[in-house]
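Here are some notes from my look through your model, point by point. I hope they are handy when you open the coordinates.

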Amino acid sequence: MASCFVLTDGSSAAIAFYTLTATSIALHDLPASMAKKLPRYPSVPATLMGRLAVDHRYRGQRLGELMIMDAFSRTLRSEIATYAFVVDAKDERTASFYKAYDFLQLGEVQNRLFMPMAEIAKLFA
Ligand SMILES: CC(C)(COP(=O)(O)OP(=O)(O)OC[C@H]1O[C@@H](n2cnc3c(N)ncnc32)[C@H](O)[C@@H]1OP(=O)(O)O)[C@@H](O)C(=O)NCCC(=O)NCCS
């Protein structure tokens, strides 16, 4: 179950899409400096971008970036509390795409990355 957000060219053709779902982050997967500022629950709520893709004909036009910013903006506007935005990069190369936007490694799971909502809020301040 996921909410899917689609960018179209004005017709029915999809140019790009991403999905969002609720997830959680185990406190022990966060850097100690962040975890120590949080209540001592086992986990905190988070938002997972499960899929992000841009049609290959439209790549390199900053639509991937536009979709991430759109997802950030929606998550910030949500009235449901979320501590961080999480992504599962499919490989090292895509992990580097997210790291360029300052995503951080989350725990031991390879290529699972996150960004605290407090950092995302600064982008829109
Ligand atoms: C990854 C993807 C969404 C990027 O979309 P895009 O519209 O081509 O990317 P943008 O034009 O917004 O590029 C933004 C920056 O990311 C870089 N980048 C683009 N695709 C990248 C990739 N696959 N790996 C690493 N960096 C990438 C660009 O070079 C650009 O960097 P710059 O700021 O130094 O110029 C797109 O290539 C895609 O759909 N790939 C297949 C699915 C996928 O891998 N999804 C990721 C989720 S696991």
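What share of the contacts with a separation of 6 or more in the protein do residues 24 or more positions apart account for?

1. Residues 24 or more positions apart make up 58% of the contacts in the protein with a separation of 6 or more. A contact here means heavy atoms within 4.5 Å.

2. A word on conventions, please. This is a predicted model, in which local features need pLDDT of at least 70 and side-chain atom pairs count only at pLDDT 80 or more, while totals for chains, interfaces and linings use all residues. Residues are numbered from 1 along each chain as its sequence is written, and side-chain values use heavy atoms, with hydrogens and water left out.

3. On the overall fold, the protein has 4 helices and 6 strands, arranged from the N terminus as β-β-α-β-α-β-α-β-β-α. With a radius of gyration of 15 Å, close to the 14 Å that the globule rule gives for 125 residues, the protein is as compact as a globular protein of that length. Helices (H or I, at least four residues) and strands (E, at least two) are DSSP runs, numbered from the N terminus. The radius is taken over C-alpha atoms, and the globule rule is 2.2 Å times the number of residues to the power 0.38. The C-alpha trace spans about 50 × 30 × 30 Å along its principal axes.

4. As for the surface, 36% of the 125 residues count as buried. Buried means under 20% relative accessible area, exposed over 50%, and partly exposed in between (1.4 Å probe, protein chains only). The accessible surface comes to about 7,900 Å², with 54% of it belonging to carbon and sulfur atoms; the areas come from the Shrake-Rupley method with a 1.4 Å probe.

5. Aspartate 55 deserves a look. This residue sits in the loop between strand 3 (43-54) and helix 2 (63-77), and aspartate 55 is buried at a relative accessible area of 17%. Its side chain makes a polar contact of 2.7 Å with that of arginine 57. Such a contact is a pair of N or O atoms within 3.5 Å; within protein, one must be able to donate a hydrogen and the other to accept it, and residues adjacent in sequence count only if both atoms are side-chain atoms. Beyond neighbours within four places in sequence, aspartate 55 is in contact with Ala14 and Ile15.

6. Aspartate 102 lies in the loop between helix 3 (92-99) and strand 5 and is exposed, at 57% relative accessible area. Asparagine 111 belongs to the loop between strand 5 and strand 6, where this asparagine counts as buried at 7% relative accessibility. Setting aside residues up to four places away in sequence, asparagine 111 touches several residues, including Val87, Lys90, Ala95 and Gln105.

7. Is glutamate 108 buried or exposed? Glutamate 108, in the loop between strand 5 (104-105) and strand 6 (112-116), counts as exposed at 78% relative accessibility. The C-alpha atoms of glutamate 108 and aspartate 91, 17 residues apart along the chain, are separated by 15 Å.
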